[in-house]
Amino acid sequence: MLPAWLNNPGMLLIIAGSVIPLLPYRLRMVVLLGAPAASLLWLWQIPLGTTTTMALLDYTLTPLRVDGLAFTFGVIFNVAAFLSGVYMWHTHSRLEPAAALIYAGSALGAVLAGDLITLFMFWEVTAIASALLLVIRGLRDAMIVARRYLLVQIGSGLFLMGGAAIYIHATGDIAFGHIGLDAPGGWLILLAFGIKAAFPLLHNWLQDAYPSASATGTVVLSAFTTKMAIYALARGYAGTDLLIPIGAVMTIFPIVYAMLANDLRRVLSYSLNVQLGFMVVAVGIGTELALNGAAAHAVTHILYKALLFMSVGAVLHQTGHVRATELGGLARHMPWTAAFCVIGAASISAFPFMAGFVSKSLILKAVAYEHWPGIWITLTAASAGALLYVGIKIPYFAFFAPNDQIECKEAPINMRLAMGLTAIACIALGLLPSLLYSILPYPVDYNPYTASHIVSQLQLLAFSALVFWLAWRAGLYPLPKRAVHLDTDWVYRMLLPRFGYVAERVYHAVLAKFGSGMNSVTERGMGRLRLRYDARGVMSRTWSTGWMTLWVAILLVVYLVLYY
Amino acid sequence: MLIERNPQQYRRPSTLARTRWARALYVVCALTLVPSLFIHPHAEFGFAEMPAFHALLAFVTGVVLVLAAILLRRLIMRGEDYYEHRT
């Protein structure tokens with residue numbers, strides 16, 4: 001019998017990820033694929049309703065809780081880990097598979113966590129492991145992005161910790177169930193989830209970081225963090241009306257950014273944001289049908305978004321380019337990748353008989369049942385827009401736009417295999433919705449394939465394509481340009497540094513003007529300060545990290561002792 | 001070494017293939033409208049039962065989005081090295 005903290009499919013992936021760097025190449029690859037497969041089988045045979053508990057200090061933790069909602073997300077996380085394993089099979093990096101498995105394992109652990117403390121621990125591990133995926137690319141820009149990314153992710157963790165502490169203190173209950181906004185700490189926890197779910201204005205870490213990872217890293221990144229947040233929202237805030245307008249805004253405004261973006265992975269990141277909006281609306285509706293819709297959309301979305309990131313990643317891997325201005329005409333050189341990309345694009349645009357169609361229909365149905373006509377129109381419109389910003393844009397600019405300046409070979413066999421498997425999954429879930437329904441949290445009684453529904457969907461797609469064509473011909477469609485389009489990251493990349501700069505200038509100006517009169521006073525003060533604080537002063541000596549860690553540890557111990 | 005393409009390059013004179021695709025698109029658009037004459041839609045809301053509601057919605061949305069993108073680009077587009085020249 002395993003100890004309770006180990007008795008968790010997520011821990012299996014984390015441990016597998018931790019030993020992977022020590023193994024030789026072939027064994028590494030066996031573990032990379034074997035661990036998610038074993039974890040999936042393990043999860044599959046755990047009966048729904050199972051929980052395990054363990055004691056930690058005064059609390060009873062629940063490291064494992066498998067119910068319908070956790071099961072759906074657990075299954076798709078394992079599948080995503082497996083598919084991205086196939087996709088990175090060719091890599092000789094030791095760290096990338098390790099980071100990917102630890103990241104997937106911690107996301108899985110968070111989804112299976114039954115209490116807030118366990119959730120918080122896995123929440124933080126996902127932040128660190130995913131930042132590692134950015135760092136190991138080793139590029140200078142990627143390092144800077146990774147730092148920004150980590151700050152945001154750890155920030156989310158801090159809000160979760162603060163919120164959870166208030167919640168646990170007030171209720172005495174550490175179980176992770178429905179929280180709601182009225183609960184003590186409820187707003188803080190929502191903020192923590194909202195950052196990772198890329199709520200409007202909190203979203204920009206996503207489009208900042210995902211395009212900076214390696215071709216394989218982005219595929220891994222796209223699957224877990226945001227969907228873990230959707231799971232957490234569904235668990236803690238189902239039926240919170242506030243989420244409905246938030247989600248609706250998320251489905252619209254990133255579309256325009258996606259239309260403008262040049263980097264194809266940035267386009268996909270904005271479109272990821274749109275799809276998250278659909279799930280957030282569904283969570284806000286909060287009925288069984290809606291939660292099924294949110295979970296189903298998380299499943300299909302992970303698949304088709306991974307497929308799109310894989311195809312664009314394959315292009316990056318083969319050509320070294322990923323911006324629309326530099327690509328085009330690759331369908332001749334990479335016919336398989338092009339075909340898989342088109343399948344992914346059809347799926348995200350919700351073509352009938354594709355996975356996206358089934359899950360989006362569930363959400364729209366749930367919105368209609370609860371009588372939100374405005375929201376229903378918004379989501380339907382966003383669904384029509386999908387063709388404009390990603391459905392046509394990605395395949396066209398990567399594979400079909402006129403460009404005869406790039407020569408390259410087809411993607412490696414493992415990448416094609418991963419894309420092929422994902423594409424098959426997208427089509428299978430579209431053709432056989434019952435497959436998808438069988439892993440959803442609640443029983444489903446809904447058939448998306450009625451004549452009138454298919455006809456209206458085809459109208460939506462055909463006329464959306466018509467707008468694209470007419471705008472294109474009229475020269476109105478915004479062509480990709482090598483440029484920066486400002487988003488909320490401007491605040492912390494430009495405004496705050498500028499503010500600091502201006503403050504410094506003002507300070508110097510004031511000093512220059514009034515400084516002389518103050519000189520004698522300040523000189524004496526400064527002299528004393530310098531003694532301690534200048535380059536050789538006691539307070540500004542540089543210390544090694546080891547010493548600092550020691551001092552921090554000592555401070556913590558002192559604090560603990562004083563506290564007790 | 002890659003040269004940035006002239007935007008005009010995307011709009012080369014319509015080739016035969018392109019005209020064919022465009023014609024196919026017009027035909028498909030027309031075809032999707034045909035069934036709404038016969039099938040009474042079981043829509044979720046009264047207004048959505050209007051024939052060709054989805055076609056209209058898609059068209060309006062598309063036009064609005066394209067215009068919004070054009071306007072937004074005017075407001076927020078900066079040089080490629082914008083963030084590298086800060087302060």
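Reader: Which residue with a positive phi follows helix 13 of chain A?

Author: That residue is A350(A), and its phi is near 60 degrees. The model is a predicted one, and the values here are computed from it.

Reader: How do you know that the length of helix 13 of chain A agrees with its number of residues?

Author: The expected span is 1.5 Å times one less than the number of residues. Helix 13, residues 335-348, has 14 residues and should therefore span 20 Å. Its end C-alpha atoms are 20 Å apart, so the two values agree.

Reader: What makes helix 13 of chain A "mostly covered"?

Author: A residue is called buried if 20 or more other C-beta atoms lie within 10 Å of its own. In helix 13 of chain A, ten of the 14 residues are buried. Among them are T337(A), F340(A), C341(A), I343(A) and I348(A).

Reader: Which helices do the buried residues of helix 13 of chain A pack against?

Author: They pack against helix 11 (264-285), helix 12 (288-319), helix 14 (355-369), helix 15 (373-391), helix 16 (393-400) and helix 17 (413-431) of chain A.

Reader: Take a residue of helix 12 of chain A, L303(A). Why is L303(A) called buried?

Author: The cut-off is 20 or more other C-beta atoms within 10 Å. L303(A) has 28, so it is buried. Apart from neighbours within four places in sequence, L303(A) is in contact with A355(A), T422(A), A425(A) and C426(A). Its C-alpha atom is separated by 9.5 Å from that of G356(A), which is 53 residues away along the chain.

Reader: What makes strand 2 of chain A largely enclosed by the rest of the structure?

Author: Six of its eight residues are buried, which means that strand 2 of chain A is largely enclosed.

Reader: How do you know that the length of helix 19 of chain A agrees with its number of residues?

Author: Helix 19 of chain A, residues 451-473, has 23 residues; at 1.5 Å a residue, it should therefore span 33 Å. The end C-alpha atoms are 33 Å apart, so the span agrees. G475(A), with a positive phi near 75 degrees, follows this helix.

Reader: How far apart do the C-alpha centres of domain 1 and domain 3 of chain A lie?

Author: They lie 42 Å apart. Domain 1 covers 1-237 and domain 3 covers 490-518, with domain 2 at 238-487.

Reader: What pattern does chain B follow along the sequence?

Author: Chain B follows α-α-α-β, and its secondary structure comes to three helices and one strand. Of the 87 residues in chain B, 17% are buried.

Reader: How do you know that strand 1 of chain B pairs with strand 3 of chain A?

Author: The cut-off is at least two bridges. Strand 3 (residues 484-485) of chain A and strand 1 of chain B have two, in the antiparallel sense, so they count as a pair. H485(A) has M77(B) as its bridge partner.

Reader: How many residues does each chain give to the contact?

Author: Chain B gives 46 residues and chain A gives 49 residues. On the side of chain B, helix 1 (16-33), helix 2 (35-38), helix 3 (53-76) and strand 1 (77-78) each supply at least two residues. Helix 3 of chain B gives the most, with 16 residues. The side of chain B that touches chain A divides into 28 nonpolar, nine polar and nine charged residues.

Definitions and conventions:
Residues numbered from 1 in each chain as written. Chains lettered and ligands numbered in written order. Predicted model: local features only at pLDDT ≥ 70, side-chain atom pairs only at ≥ 80, totals over all residues. Contact = placed C-beta atoms within 7 Å. Helix = DSSP H or I, 4+ residues; strand = E, 2+ residues; numbered from the N terminus. Nonpolar A, V, L, I, M, F, W, Y, C, P; charged D, E, K, R; others polar. Buried ≥ 20, exposed ≤ 12 C-beta atoms within 10 Å, placed from the backbone. Domains from an automatic or database assignment.
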